[in-house]
Amino acid sequence: MKKTYEAIIRILFLLIVAAFFAGYASAAQWVKTDPADVNLTGVWTTYTTTTEIFCTGISGVIIHHDGTAWESMDSGAVVDLNAIWGTSATDIFAVGDNATILHYNGIAWSSQLSAGNNLNAVWGTPESNVYAVGNSGTILHYDGTTWSSMTSGTGLNLNGVWGSSATDVFAVGENLTILHYDGSVWTAFTPTSSTYVDLNAVWGY
């Protein structure tokens with residue numbers, strides 16, 4: 001009788017453990033959401049108690065999730081939008097082909113620039129200090145008022161940009177291109193690999 005009781009206890013224990021890990025595994029899985037039947041290229045979300053998600057896509061598509069449902073936004077653009085970044089739900093930048101740069105103020109999207117090389121990535125700091133990088137070594141800087149061109153020192157396509165501050169910014173691109181900005185000039189890193197792969201994104205902490 002004692003052995004039977006112990007066996008039942010062991011079975012119950014195993015069932016509880018199995019149920020716990022099954023629930024944990026289920027909670028850790030990705031869940032597919034279906035915002036729209038469009039090709040998406042970038043995503044950015046707010047970091048406040050109210051989570052809002054903004055996505056860019058081809059042919060000027062921008063969609064927004066307010067925490068409940070997805071909705072399409074009028075971007076005013078017809079070109080492919082390749083990336084999106086912001087400081088808050090009322091200060092967001094989207095970049096794309098033909099040097100397209102859009103800004104969202106919490107009410108509407110407006111065009112800030114739309115002539116030049118394709119732009120592939122955007123990043124900045126909250127202090128009106130934004131960088132956009134793109135094809136043919138394009139790097140643009142926004143000071144809170146105007147966009148201006150920066151000297152990158154390369155003619156290769158740049159695909160990603162990220163920084164820890166306004167004096168510590170990295171841009172990456174074709175043929176193992178890695179650039180660093182110290183607040184004054186962009187400097188290229190010398191590759192240590194003989195395999196010149198294309199770099200598409202960069203991030204750090």
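Strands here are DSSP runs of E, at least two residues long, numbered from the N terminus. Two of them pair if DSSP finds at least two bridges between them. This model is predicted. Now to the viewer.

**Stop 1: strand S11.** Select residues 139-142, which form strand S11. Show the side chains. Ile-139 and His-141 point one way. Leu-140 and Tyr-142 point the other way. All four residues are buried. In a regular strand, side chains alternate between the two faces of the sheet.

**Stop 2: back to S10.** Pick out Val-130: its bridge partner in S11 is Tyr-142. Next, go to the hairpin of S10 and S11, with 4 residues between the strands. Select Ser-136 there; its phi is positive, near 60°.

**Stop 3: the largest pocket.** Select Val-43, Trp-44, Ile-84, Trp-85 and Val-122. Of the 28 lining residues, these lie nearest the centre of the largest pocket. Its volume is about 580 Å³. Now colour strands S1 (40-45), S5 (81-88), S9 (119-125) and S13 (158-165); each supplies at least two residues of the lining.

Which classes make up this lining? Colour by class to see 16 nonpolar and 12 polar residues, but no charged ones.

Definitions and conventions:
Residues are numbered from 1 along each chain as its sequence is written. This is a predicted model: local features need pLDDT of at least 70, side-chain atom pairs count only at pLDDT 80 or more; totals for chains, interfaces and linings use all residues. Side-chain values use heavy atoms; hydrogens and water are left out. On a 1 Å grid over the protein atoms alone, a cavity is a set of points where a 1.4 Å probe fits but cannot get out, and a pocket is an open set with protein on both sides within 12 Å along at least five of seven lines; lining residues have an atom within 4 Å of a point. Grid points are joined across faces, edges and corners, and a volume is the space filled by probe spheres set on the points. Ala, Val, Leu, Ile, Met, Phe, Trp, Tyr, Cys and Pro count as nonpolar, Asp, Glu, Lys and Arg as charged, and the others, Gly among them, as polar. Buried means under 20% relative accessible area, exposed over 50%, partly exposed in between (1.4 Å probe, protein chains only).
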